[in-house]
Amino acid sequence: MTKWTTSQIKDALNSIQHKQDIPVEWYQDERKSVQQALKSWEDKLVKFKKLQEKLDSMLSFEKALTKNGYKAIAGIDEVGRGPLAGPVVAACVMMPMDTFILSVNDSKQLSEKKREKLYKEIMANAISVGIGIVEPNDIDTLNIYQATKVAMQQAVDKMSIKPDFLLIDAMTLTNDLPQESLIKGDARSYSIACASIIAKVTRDRMMCEYAQHYPHYAFDKNAGYGTKDHLLGLEKYGITPIHRKSFEPIKTMLNNNFHQ
């Protein structure tokens, strides 16, 4: 019998999903390259199983609601409550309940590259997506908590298909839709995690655009949070139109300028 080359074994492993389907002679093969290929395959299998278990856990709320007759379940999350500059952005996302994106997770747990990839997959597969944006001036007028609720409601209102149940990350909305508020929902619910990715990527892209207009604050790197570079920019170049005037240290800076 002709011996398999390492390249042939690697190609064959790509289509094998269960360890019992791997020929015994491959594990008996003394070539280091073959054993490395088998180890790599096993590592991928372990990673896949962990992702599947995570996904199953994150679908528990959606599955329970589906059993109770709900057919248009949407997750809601926001990004941008803490930054000193830029808007607060919320997303409402309704995903199909028959096919799932395996790698979806809380956006804070994902790299920028992974978030961008998942953003495209979510947008391509979502039944409906709504985005809500509340700008800094309105945040100052409303306060950040109320502004977040407004952004979330905007996101719901922009859905092309009206949800019949809302899963919301740590917030309750005043509307006529059945809903459940989940603490750390972006790590517990698939739909909310999808919304967190859409909101995060949307806002990060906005802040990168703002960085072109206001280059001294590193908005493309800090998304408006109070990093060292951002604070140095404030000190040297002052406040921009996208800074939140009700947030410190901007509020104090404005007061000091007023009294001078």
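**Fold, salt bridges and backbone**

Me: What is K108 at 60% relative accessibility, buried or exposed?
Reply: This is a predicted model, in which local features need pLDDT of at least 70, side-chain atom pairs count only at pLDDT 80 or more, and totals for chains, interfaces and linings use all residues. Residues are numbered from 1 along each chain as its sequence is written, and side-chain values use heavy atoms, with hydrogens and water left out. Buried means under 20% relative accessible area, exposed over 50%, and partly exposed in between (1.4 Å probe, protein chains only). At 60% relative accessibility, K108 counts as exposed.

Me: How many residues apart are D186 and K108?
Reply: Helices (H or I, at least four residues) and strands (E, at least two) are DSSP runs, numbered from the N terminus. D186 sits in helix α8 (residues 185–188), while K108 is in the loop between β2 (88–94) and α5 (112–125). The pair links distant parts of the chain, and the separation is 78 residues.

Me: What is the relative accessible area of K221?
Reply: K221 forms a salt bridge with D220, the closest N and O atoms being 3.7 Å apart. D220 is partly exposed, with a relative accessible area of 41%. K221 is exposed, and its value is 68%.

Me: How many helices and strands does the chain have, and what is its radius of gyration?
Reply: The secondary structure comes to 12 helices and 5 strands. The radius of gyration is taken over C-alpha atoms, and the globule rule is 2.2 Å times the number of residues to the power 0.38. For 260 residues that rule gives 18 Å, and the chain is well over this, so it is more spread out than a compact globule, with a radius of gyration of 24 Å.

Me: What share of the residues in the chain is buried?
Reply: The C-alpha atoms fill a box of roughly 90 × 50 × 25 Å, taken along the principal axes. Of the 260 residues in the chain, the buried share is 44%.

Me: Which residue does a cis peptide bond join to E248?
Reply: The residue is in the loop between α11 (228–237) and α12 (250–259). Omega of the bond is about 5°, and the residue joined to E248 is P249.

Me: What is the phi of A223, and is A223 buried or exposed?
Reply: A223 is found in the loop between α10 (219–222) and α11. Its phi is positive, at about 55°, although A223 is not a glycine. At 10% relative accessibility, A223 counts as buried.

How values were computed: Salt bridge = Lys/Arg side-chain N within 4 Å of Asp/Glu carboxyl O.
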